[in-house]
Amino acid sequence: MYTVLVIEDEKGISNFLKQGLEEEGYRVLVSDNGISGLETFNSETIDLILLDWMLPKMPGIEVCKKIREKNKTIPILFLTAKDTIQETIEGLKSGANDYIKKPFSFEELLERIKIHFRDADFEDVLTLSNIKIDLSKHQVFVDNNEVSLTQREFELLVYLIKNKGKVCTRNQIIEDVWDIHFEYDTGVIDVFMNAIRKKLSLSKNEDCIKTIRGVGYIAND
């Protein structure tokens, strides 16, 4: 499940986007100002951002620049009433991938979102130490030897590598990978992690995915 962050201060628009995108199967987080949007980006796993240009506390241009300092690849789509050529250029120079003028058709926005996700999935190859994941082909390799993982094992490994350098708590994993939003035995994650480590021979690369006792896991090269 992809997670979309909507940073938009007009409640009617953000509610409309949240409802529409959730009906399409996306997980949607909403922030109503630039600073809280940045905080959400830094604390959550986000796959795509819909960013308003005119925001309280911090303008969208500055939010975009700060996000780009930390993440060079996440798709950022500006939603704005500004439409001059100079403003379009300014938005793209700040790091945005796309620019959609208000008012917009939800169907058009949805197609643009799908294009960005399709392109990202096709191009992305994730790496961690001697592990390589080809997302477009759904393949995992260790030292160029293919390893077979179950769907859930694959999703968990991808999640940890996409969040390389961040501690992923068991509760976050249950919500983001399992898509479970109620009390659940997080011990099941340890079972899957043990299986992943065995299949990938991670005893030889024990620093690759560390267990943070009582919290969760962190992936590091």
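In which loop does S129 lie? The structure is a predicted model, where local features need pLDDT of at least 70, side-chain atom pairs count only at pLDDT 80 or more, and totals for chains, interfaces and linings use all residues. Residues are numbered from 1 along each chain as its sequence is written, and side-chain values use heavy atoms, with hydrogens and water left out.

S129 turns up in the loop between β6 (125-128) and β7 (131-134); helices (H or I, at least four residues) and strands (E, at least two) are DSSP runs, numbered from the N terminus. The phi of S129 is near 55°, a positive value in a residue other than glycine. At 42% relative accessibility, S129 is partly exposed, a label that sits between buried (under 20% relative accessible area) and exposed (over 50%), using a 1.4 Å probe and protein chains only.

K57 also has a positive phi, near 75°, and is not a glycine either. Another loop, between β5 (98-101) and α5 (106-123), holds P103, and the peptide bond leading from K102 to P103 is cis, with omega near -10°.

Then there is helix α6, which covers residues 151-162. Its buried residues are E153, F154, L156, L157, V158, Y159, L160 and I161.

As for cysteines, C168 is buried at 2% relative accessible area, and C208 is buried too, at 3%. With a disulfide taken as a pair of cysteine sulfur atoms within 2.5 Å, the count comes to 0.

Definitions and conventions
Expected span 1.5 Å × (residues − 1).
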